[in-house]
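Thanks for asking for a second pair of eyes on this one.

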Amino acid sequence: MTVGIVLVSHSPAVAGSVAELASELAGPSVAIRPAGGTDDGRFGTSIELIAGAVNAADSGDGVCVIMDMGSSVLTSKTLLEDLEDEDGGPVVRLADAPFTEGAVAAAVLASTGQGLDAVVDSAEQAWSMRKL
Amino acid sequence: MAFDAQTATAWITASEAAVKADEARLTSLDAAIGDGDHGANMARGLAAASTNIAERAPSTPGDVLVAAGRGIVAKTGGASGPLYGSAFRRAGKALGDAASVEAPVLGAALEAALTAIKELGGANEGDKTMVDALTPAVAAFQAVAADGGPIAAAAAAAADAAEQGLSATVPLQARKGRASYLGPRSIGHEDPGAASTTLILRALAEVTA
């Protein structure tokens, strides 16, 4: 079992493509689910889509959620508050991370079987991975 | 008059009508410094709020506001969804199980809404957001309520204070949301979130008058 990853973007295409990229680099053992756009396919965010992706990505080891910006962050925070009011739901943490780099860092570490806190840390450390 | 489930429902209905009537203005404010979808998003979110209230038929004002908040969170699509949705839900929870409340309790619920928005979005006064309209509005509502004034007077004072807060966002530079990327170019425009907050508070004044 591995930590699941959910990618929340305003754009369905961005969430889907980054999920595809991270899956390619992490291998098939990690469940990575995109939650892009609204429930009727527009640009924006949907709490129902995010909740559905979280449930689909969870295999019992928890889910790391990575957001792009703005309403992606606010909607994910709202979902987290809702989940805290429920019993028995998936364990979810939000990573404060750059979207693409954080998704890859989280997915690669998750593929090694590390726990949720380590996966979130890996995503957040992507801020300090300089490119030049 | 006291604030009961019927008044709370009327508030959401009036807010929906006000936002629909001013949808083009909200969108043009947002097109200047945001992504130009605030009018449509607010109309969609408040329509979902009304639908959710109609389906659940809540019997207390607290449950009406919680149902409204859930509809807004589910369907708005932009940052205003979680912000207004959390605000209405937190206000509804603050009202508890009471069948009707007077001005001091409604004032405390509005303060809970403001706290929810500040916690979720991380904005403070002066950041050019809905907080700049809601903060003076809550203070004005509570000042009237503390003097023993009725809800109608408190809500009218809150709406007036929100309008002043909205005007005061014009010279501010945005520090939250898409507009913050514009830096000094965000100066000279009303904040769309402060504008929709003002409409919603004016709707409260109208239905309680």
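This is a predicted model: local features need pLDDT of at least 70, side-chain atom pairs count only at pLDDT 80 or more; totals for chains, interfaces and linings use all residues.

1. Let me start inside chain A. Is A:Ala95 buried or exposed? Its relative accessible area is 1%, and because buried means under 20%, A:Ala95 is buried. The residue belongs to strand 4 of chain A, which covers residues 92–95. Beyond its sequence neighbours up to four places away, A:Ala95 touches A:Cys64, A:Val65, A:Ile66 and A:Met67, and also A:Val120, A:Ala123 and A:Glu124. For A:Cys64 you can check the C-alpha atoms too: they lie 6.6 Å from those of A:Ala95, although the two residues are 31 apart along the chain.

2. A:Ser11 is another residue of chain A to look at. You will find A:Ser11 in the loop that runs between strand 1 (4–9) and helix 1 (12–26) of chain A. With a relative accessibility of 10%, A:Ser11 counts as buried. Setting aside neighbours within four places in sequence, the contacts of A:Ser11 are A:Gly36, A:Gly37 and A:Phe43.

3. A:Val108 is partly exposed, at a relative accessible area of 37%.

4. Now the interface. Chain A brings 16 residues to the contact and chain B brings 18 residues. In chain A, the residues that lose the most area to chain B are A:Arg42, A:Leu74 and A:Thr78, which together account for 35% of what that side buries. Between the two chains about 1300 Å² is buried, with carbon and sulfur atoms giving 47% of that area.

5. How many salt bridges are there between chain A and chain B? The count is two. A salt bridge joins the side chains of A:Asp82 and B:Arg89, with an N to O distance of 3.2 Å. As for elements, helix 2 (47–57) and helix 3 (71–84) of chain A are the ones that give two or more residues to the side of chain A that touches chain B. Helix 3 of chain A gives the most, with seven residues.

6. A:Arg42 is partly exposed, with a relative accessible area of 24%.

7. For the salt bridges as a whole, a search of the structure over all chains finds twelve. In chain B, the side chains of B:Arg25 and B:Glu190 meet in one at 4.0 Å, N to O. B:Arg25 lies in helix 2 (residues 23–33) of chain B and B:Glu190 in the loop between helix 8 (151–167) and helix 9 (192–208), so this pair ties together parts that are 165 residues apart in sequence. Both partners are partly exposed: B:Arg25 has a relative accessible area of 32%, and B:Glu190 has 24%. A network of salt bridges links B:Asp22, B:Arg25 and B:Glu190.

8. B:Arg202 and B:Glu163 form another salt bridge, at 2.9 Å from N to O. Because B:Arg202 lies in helix 9 of chain B and B:Glu163 in helix 8 of chain B, the pair ties together parts that are 39 residues apart in sequence. B:Arg202 is partly exposed at 24% relative accessible area, and B:Glu163 is partly exposed at 35%.

9. Last, B:Ser80. This residue is in helix 5 of chain B, residues 80–95. B:Ser80 is buried, with a relative accessible area of 7%. Apart from neighbours within four places in sequence, B:Ser80 is in contact with B:His38, B:Asn41, B:Met42, B:Ile72 and B:Gly85.

Notes: Residues are numbered from 1 along each chain as its sequence is written. Chains are lettered from A and ligands numbered from 1 in the order in which they are written. Side-chain values use heavy atoms; hydrogens and water are left out. Buried means under 20% relative accessible area, exposed over 50%, partly exposed in between (1.4 Å probe, protein chains only). Contact means heavy atoms within 4.5 Å. Buried area is the accessible area (1.4 Å probe) that two parts lose on being put together, summed over both. Helices (H or I, at least four residues) and strands (E, at least two) are DSSP runs, numbered from the N terminus.
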